[in-house]
Amino acid sequence: MANIIVFCILAVVILGSAILSVMTKRIMRAATFLLFVLFGISGLYFLLDYTFLGAAQISIYAGGITIMYIFAISLMSKNSLQGLIERFKGTRLFQGAMISLFGLGTVLVVFLKTEFLAHTKFTSLPDMEVPMQKIGEALVGSEKYQYVLPFEFISVFLLACIIGGIMIARKEDKK
């Protein structure tokens, strides 16, 4: 019963922070709410007794990625940040709603076409757990369906984004 209560609290924190992150007008507040979302997700990992993934979530995403966003925001000048606030227009809101409904429809069609529920055996949770060794091998392995190569591509991409942000910030300072 306690796990359900903690899950509900974490779900409310994650959903509330995600909505506030998208709806706020200030970019630093959005980054802060993103940090709360990432901490909530790590709380879910800890709730499932995946301590390695929870610690990795905190150290890599909540720590590293959010700090990188904050540094990138801080490097930008105030002149370039002032034009980022836009008011909602009816057409933009309608377009966003239509794109969201299209995405939801796509997910539902794929979900129903794969007959996920027909192939799933609803057993107790311990029967469905994946050992931590298999998760670790999948994250750092280089075989098929293992993720070390995508992690390396993402790290190079993030490094390119940081360098690009620094170059943009330096060009604006010279003017």
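Started with Ser 42: I find its side chain reaching the backbone oxygen of Phe 39 at 2.6 Å. I take a polar contact as a pair of N or O atoms within 3.5 Å, where within protein one must be able to donate a hydrogen and the other to accept it, and residues adjacent in sequence count only if both atoms are side-chain atoms.

Ground rules before I go on. This is a predicted model, so I note that local features need pLDDT of at least 70 and side-chain atom pairs count only at pLDDT 80 or more, while totals for chains, interfaces and linings use all residues. Residues are numbered from 1 along each chain as its sequence is written, and side-chain values use heavy atoms, with hydrogens and water left out.

Back to Ser 42. I place Ser 42 in helix H2. Is Ser 42 buried or exposed? Ser 42 counts as buried, because its relative accessibility is 2% (buried is under 20% relative accessible area, exposed over 50%, partly exposed in between, with a 1.4 Å probe and protein chains only). Skipping residues up to four places away in sequence, I see Ser 42 touching Gly 54, Gln 57 and Ile 58 (contact means heavy atoms within 4.5 Å).

Followed that to Gln 57. Gln 57 sits in helix H3, residues 51-75. With a relative accessible area of 8%, Gln 57 is buried too. Which residues is Gln 57 in contact with, leaving aside neighbours within four places in sequence? I get Leu 38, Ile 41, Ser 42, Tyr 45 and Ala 62.

Next, aromatics. My search of the whole structure turned up one aromatic pair. It is Phe 33 with Phe 36: ring centres 6.4 Å apart and planes at 55 degrees, so I log the pair as tilted. The cut-offs: rings of Phe, Tyr and Trp (its six-membered ring) pair if their centres lie within 6.5 Å, with planes under 30 degrees apart stacked, over 60 edge-to-face and the rest tilted. Both Phe 33 and Phe 36 lie in helix H2 (residues 27-47), three residues apart, about one turn of the helix. Phe 36 is partly exposed, at 40% relative accessible area.

Last, the overall numbers. I count nine helices and zero strands (DSSP runs, H or I of at least four residues for helices and E of at least two for strands, numbered from the N terminus). Buried residues make up 14% of the 175 in the protein. Among contacts between residues at least 6 apart in sequence, 52% join residues at least 24 apart.
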